[in-house]
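Here is a short report on one protein model.

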Amino acid sequence: MAITVKKPSEQEIAEMKRLPTWSREASRFDWEYDTEEVCYLLEGDVRVTTTDGQIVEFGPGDLVTFPAGLKCHWDIRRAVRKHYRMG
């Protein structure tokens, strides 16, 4: 179960900007994904560590996909704001 990070196309950015936003202050927490999530970061600096040891860092302009069933630890180092799609 790998997290993927990429630079989105203009079309992907336009699609993501139609979706809801989520924000959170700098913090640390464990999270489990019941369904796939795709998010487009507008602000922030994040490091996510999966239970199998994968470490992924991402920030503004990144399109990130978290697979369903993933268990991980979020370390939000700078407040985050993102558009997101579940499922």
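## Fold

The model is predicted. Its secondary structure comes to one helix and seven strands. Read from the N terminus, the order of elements is β-α-β-β-β-β-β-β. The radius of gyration is 12 Å, close to the 12 Å that the globule rule gives for 87 residues, so the protein is as compact as a globular protein of that length.

The C-alpha trace spans about 35 × 25 × 20 Å along its principal axes.

## Packing and surface

Of the 87 residues, 37% count as buried, with under 20% relative accessible area. Take the contacts with a separation of 6 or more: 78% of them join residues 24 or more positions apart.

## Largest pocket

Rolling a probe the size of a water molecule over the atoms shows where empty space is left. In this protein, the largest pocket holds about 160 Å³ of space.

Which residues line the largest pocket? They are Trp22, Phe29, Trp31, Tyr33, Glu37, Trp74, Lys82, Tyr84 and Met86. Two elements give two or more residues each to this lining: strand E3 (27–32) and strand E7 (71–86). E7 gives the most, with four residues. By class, the lining has seven nonpolar and two charged residues. It has no polar residues.

Technical notes
Residues numbered from 1 in each chain as written. Predicted model: local features only at pLDDT ≥ 70, side-chain atom pairs only at ≥ 80, totals over all residues. Heavy atoms only, no water. 1 Å grid on protein atoms, 1.4 Å probe; cavity = no way out; pocket = protein on both sides within 12 Å on 5 of 7 lines; lining within 4 Å. Points joined across faces, edges and corners; volume = space filled by probe spheres on them. Nonpolar A, V, L, I, M, F, W, Y, C, P; charged D, E, K, R; others polar. Rg over C-alpha atoms; globule rule 2.2 N^0.38 Å. Buried < 20%, exposed > 50% of the residue type's maximum accessible area, 1.4 Å probe, protein only. Contact = heavy atoms within 4.5 Å.
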